[in-house]
Amino acid sequence: MKIAIVGTGYVGLVTGTCLAETGNQVICVDVNEKKVEMMQQGQLPIYEPGLELLFYRNIVQKRLHFTTDLAAAISEAKIIFLALPTPPGDDGSADLSYVLGAAKDIAELITEYKVIVTKSTVPVGTADKVTAVMNAHTQTEFAVVSNPEFLREGVAVEDFMKPDRVVIGSTDERARKLMAELYAPYVRQGNPVIFMDERSSELTKYAANSFLATKISFMNEIANLCELVGADVDMVRRGIGADDRIGKRFLFSGIGYGGSCFPKDVQALAKSAEENDYDFRILKSVMDVNEIQKRVLVEKVKKYFKNDLNGKKLAIWGLSFKPETDDIREAPALYIIEDLLAAGASVTVFDPEAMKNVKKLVGDKITYAEDQYAALQNADALLIVTEWSLFRTPDFDLMDKLLKDKVIFDGRNLYDLDKMIDAGYYYDSIGRKIITTKSYDYSLASV
């Protein structure tokens, strides 16, 4: 099938590449000429494990193409995906200008029936708005379909190639048939393709992400309570995660959620509720808790150093909002760096993928280390912010030699408490007892 993808950001590139992998002819279109030229030469502009191989293979085998010419991209396409940014406005609502602008441009170009698919995460009612814009600029028949993406950064290729479900919002029978044909190779194991109306499909994406964000904020609240009462959040997590009504996933406490989806989607759903005169109180609390949690590690650091960080050298491991990505959008690390610098500390960071993106944003206010151990040289303490695999089993003997003091603030609970006792570290994590040299310290557990 011939497919056009409008927008070559994270979602657009993964979608286009994975659709080409099953034999479709895919043309991706973007207004950024430099980016398009880069992709035409086989250079992938984002980091996503497993994507580069498929990207290069489908370019070589001439199934994946890139252009800045919208007319050429959509002329023969049966299905046109809109994978465009919907950034939050100042009031939290999703900005649909890119989506609606593309809809207008497409409407003025089409001469035969097309299926227009909103792949971007959009508010309820967007399909109706796209339809209205297109009807105002074309007499040609078309259908607008909602097909939200459920891609997790770091495992997006697997999520697309082996989805646990595909949600398709459409009341147009021809569009449903085409979409079912398109996704058939990806659901051969029997995972469902769920058809529904457009508005229900649009709300499904927001509801899913907001529910997961709620689980994260709830567990962070439990972690904070654990520190006050002397419980261990990891034990609590295991205890409740064994209940299949709750499940094991998204129960890890930490320093808040970030990325391109959860913060934006929770905010947008709350705004949508407000616009419909509904007070979505749970979501407001989820956002409030997350804002506080992003900075809980800094409060622990300040308490340890008696609120005096002037002249302190602090090392940070991890900058991306989660491992296996270079995405720093709404990453807790950015808030932590900001607060540490404001308090007078100097900061040295290491991340295997995200340092380039952070440097574009933060510049030379901080130091960028060549590897994780170089970041520790003469540091007064280490802060672990992202749970990259290479941080899980470090060389503690080497760390002992490099750190000025054996002090770790762990925002991701990477290390066993008994291990930290044996290693002689001051170790403060999330929702667990603080470890001082050879002992537990209950008195410091709350911040």
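**Exercise 1. Strand pairing**

Find the bridge partner of Ala315 in strand 10 of this predicted model.

*Solution.* 
- Start with the two strands: strand 9 covers residues 313–317, and strand 10 covers residues 346–350.
- Strands 9 and 10 pair in the parallel sense, over 5 bridges.
- The bridge partner of Ala315 in strand 10 is Thr348.
- Now check the burial of strand 10. Of its 5 residues, 4 are buried, which leaves the strand mostly covered.

**Exercise 2. The faces of helix 2**

Determine how the buried residues of helix 2 are arranged around its axis, and what they pack against.

*Solution.* 
- Apply the burial cut-off, under 20% relative accessible area. In helix 2, Lys35, Val36 and Met39 are buried.
- Look down the axis of helix 2. The buried residues fall within an arc of 100°, so they line one face of the helix.
- Turn to the face away from the buried side. Glu33 and Lys34 are exposed there.
- Last, list the neighbours. The buried residues of helix 2 pack against helix 1, helix 3 and strand 3.

**Exercise 3. The faces of helix 3**

Repeat the analysis for helix 3, residues 51–60, then inspect the residue Lys62 that follows the helix.

*Solution.* 
- The buried residues of helix 3 are Leu51, Leu54, Phe55, Asn58 and Ile59.
- Seen down the axis of helix 3, these buried residues fall within an arc of 125°, so they line one face.
- The face turned away from the buried side carries the exposed residues Glu52, Leu53 and Tyr56.
- Next, the cover. The buried residues of helix 3 are covered by elements including helix 1 (10–21), helix 2 (33–40), strand 3 (64–67) and helix 7 (156–161).
- Finish with the backbone. Lys62 follows helix 3 and has a positive phi, near 60°.

**Exercise 4. The second largest pocket**

Describe the volume of the second largest pocket, then its lining.

*Solution.* 
- Volume: the second largest pocket holds about 200 Å³ of space.
- Lining: 13 residues line this pocket, and Pro123, Val124, Lys129, Ser272 and Glu275 lie nearest its centre.
- Elements: helix 6 (126–135) and helix 11 (262–275) are those that give two or more residues to the lining.
- Largest share: helix 11 supplies it, with 4 residues.
- Classes: the lining has 5 nonpolar, 5 polar and 3 charged residues.

Methods: Residues are numbered from 1 along each chain as its sequence is written. This is a predicted model: local features need pLDDT of at least 70, side-chain atom pairs count only at pLDDT 80 or more; totals for chains, interfaces and linings use all residues. Side-chain values use heavy atoms; hydrogens and water are left out. Buried means under 20% relative accessible area, exposed over 50%, partly exposed in between (1.4 Å probe, protein chains only). The arc is that of the directions from the helix axis to the C-beta atoms. Contact means heavy atoms within 4.5 Å. On a 1 Å grid over the protein atoms alone, a cavity is a set of points where a 1.4 Å probe fits but cannot get out, and a pocket is an open set with protein on both sides within 12 Å along at least five of seven lines; lining residues have an atom within 4 Å of a point. Grid points are joined across faces, edges and corners, and a volume is the space filled by probe spheres set on the points. Ala, Val, Leu, Ile, Met, Phe, Trp, Tyr, Cys and Pro count as nonpolar, Asp, Glu, Lys and Arg as charged, and the others, Gly among them, as polar. Two strands pair if DSSP finds at least two bridges between them.
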